[in-house]
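Please look over the notes below alongside the model.

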Amino acid sequence: MLIFLITAFLLVVIIQWFVESSYFERSAVAAKDGSKSSLYQITPLPYAKHVIIISLDTTRADHLGCYGNSWIKTPNLDALAAQGYLFENLYTPIPSTLASHTTLFTGRQPRFHGVPNNSYYVSEDNILLTQILKKAGFTTLGFIGAAPLRTKTGFSRGFDFYDDDWLIDPAVDVTPRLQRSAAAVTDSVIAELEKIKLPERLFLFVHYYDPHYHYLPREPWFSDYNDVDFSGMPYSYNSVTPASREGILFQKSKVGIVRRQYASEISYMDFHLGRLFEYLKKKNILDDAVVLVTSDHGEELGERVRPTGHGATVFNIESHTVGILRLPDTHGGGTRINAALGQESLMPTLLKYLSLKLPEHIQGSPLELGDINAFAGQYPLFCEATRWWKGDVPKGISSWPNMGKFRSIRGVRYKYMQSPQLGQDALFDMQNDPLERKNLLVEPSPEVLKMRQQMGTLLKEWSTRLGTIIPQKPSSEDINEQLEQLEALGYMKKNL
Ligand SMILES: [Zn+2]
């Protein structure tokens, strides 16, 4: 019996030794490769006193220098990216302003936060990032660039100060119509911070709207981009009667004007972001803060079905968003993360970094910023459109207003999309065809057909999932006011 026990004990010790030694061996090999080796190398992160979130409405990631764009000038965003983490593959689950921002502030996908589009109410059943930070002792200041995020949507809950009074003040620099220029937004932030004593802990949210339609030819950038050759750029928008907005005829020969205007708005916004960063640095706020810069969705620019705008498709031009995270002391500066990430994970990532408790029932999951190399990506990622592709709205739509619109599921390499309205689908190899130009279902191999079946099943399952929050429209009085405002912003134009 004793011999048996001794033998068993020795056996356990030997197995233990073997497992551990081979494990360390594997770790050592991995460390030599420089890959996924950080299990024992979690870097201590610097403490952040303040939190700054900057939202760039309608800004396509591929239009920034730090994302590889070669002709659009964005020196201030590029410099910030060089001092922080850059998420190369960050995606919104919904290409529409209020819905996407609600995901950013709740960590929830749209079907669970209950905001399917603009002009809905952000239910009080959602716990917003602002509310959590306020409870944790932050002074919360918000500044917005346009009406979709206005107070009446409920999005401003938790802010001590929310700068949207200018929407009803005709004296403010509102250009053109109900959007405020980047110059005015930056001026407003600086003026407010000059007025108050810097709080112990500050949460600052700043929303810029310039790249959203209507585009203006911002100088000197509009002229600077005059020599850019646009002939090779993708363009699919094709209408028998070219649509017209603001005197620009949307047809292929005019695509350069549209692109130059859009690009000049991004450079103009970057210039005024530079002023903001400089001010925050001078006031010793920037280096004590965690700064997140992101965009809520992209823009069509004639590459698919619309000459301008967003919301009708789930191609990367609409779903791929900007993601830059700068920590105090420029910790981790220059790190680029290629693995895909959903917008819903930004809020839990910030909360985890700040050592704050995550709310319940969220779909996003926090990234370990000290061990970012171990992040393998968040798959599958879903996305849904908010507008009908074109033509008549089909009948028999369920309680979720986006049912029947374009939707997609993305895996590590492939992306499958469907339009129930059109009865069409497509599968793209995102590794070899990032512009989503070659639909593999046109001449499908048996493997491709199998993938369509598997991803189609997952997408169908996902599309039947709904949370408990029912989409709420604001009161009829608010709706009329919102309709007027959205019309002024160009959302309600029927001919585009
Ligand atoms: Zn937007």
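Which residue in β6 is the bridge partner of Val51?

1. The partner of Val51 in β6 is Phe203. Strand β1 (residues 50-56) and strand β6 (residues 202-208) pair in the parallel sense over six bridges; strands pair if DSSP finds at least two bridges between them. Helices (H or I, at least four residues) and strands (E, at least two) are DSSP runs, numbered from the N terminus.

2. This is a predicted model, in which local features need pLDDT of at least 70, side-chain atom pairs count only at pLDDT 80 or more, and totals for chains, interfaces and linings use all residues. Residues are numbered from 1 along each chain as its sequence is written.

3. β1 also pairs with β9 (289-295), in the parallel sense and over seven bridges. There, Leu56 has Ser295 as its bridge partner.

4. Seven of the seven residues of β1 are buried (20 or more other C-beta atoms within 10 Å of the residue's own, with C-beta atoms placed from the backbone). His50, Ile52, Ile54 and Leu56 lie on one side, and Val51, Ile53 and Ser55 on the other. In a regular strand, side chains alternate between the two faces of the sheet.

5. The axes of helix α6 (residues 182-195) and helix α8 (residues 255-282) come within 9 Å and cross at roughly 10 degrees; axes are lines fitted to C-alpha atoms, for helices over the stretch in contact, and angles run from 0 to 180 degrees between N-to-C directions. α6 is therefore roughly parallel to α8 (angles under 35 degrees).

Methods. Parallel < 35°, antiparallel > 145°, perpendicular 65-115°, else oblique. Contact = placed C-beta atoms within 7 Å. Buried ≥ 20, exposed ≤ 12 C-beta atoms within 10 Å, placed from the backbone.
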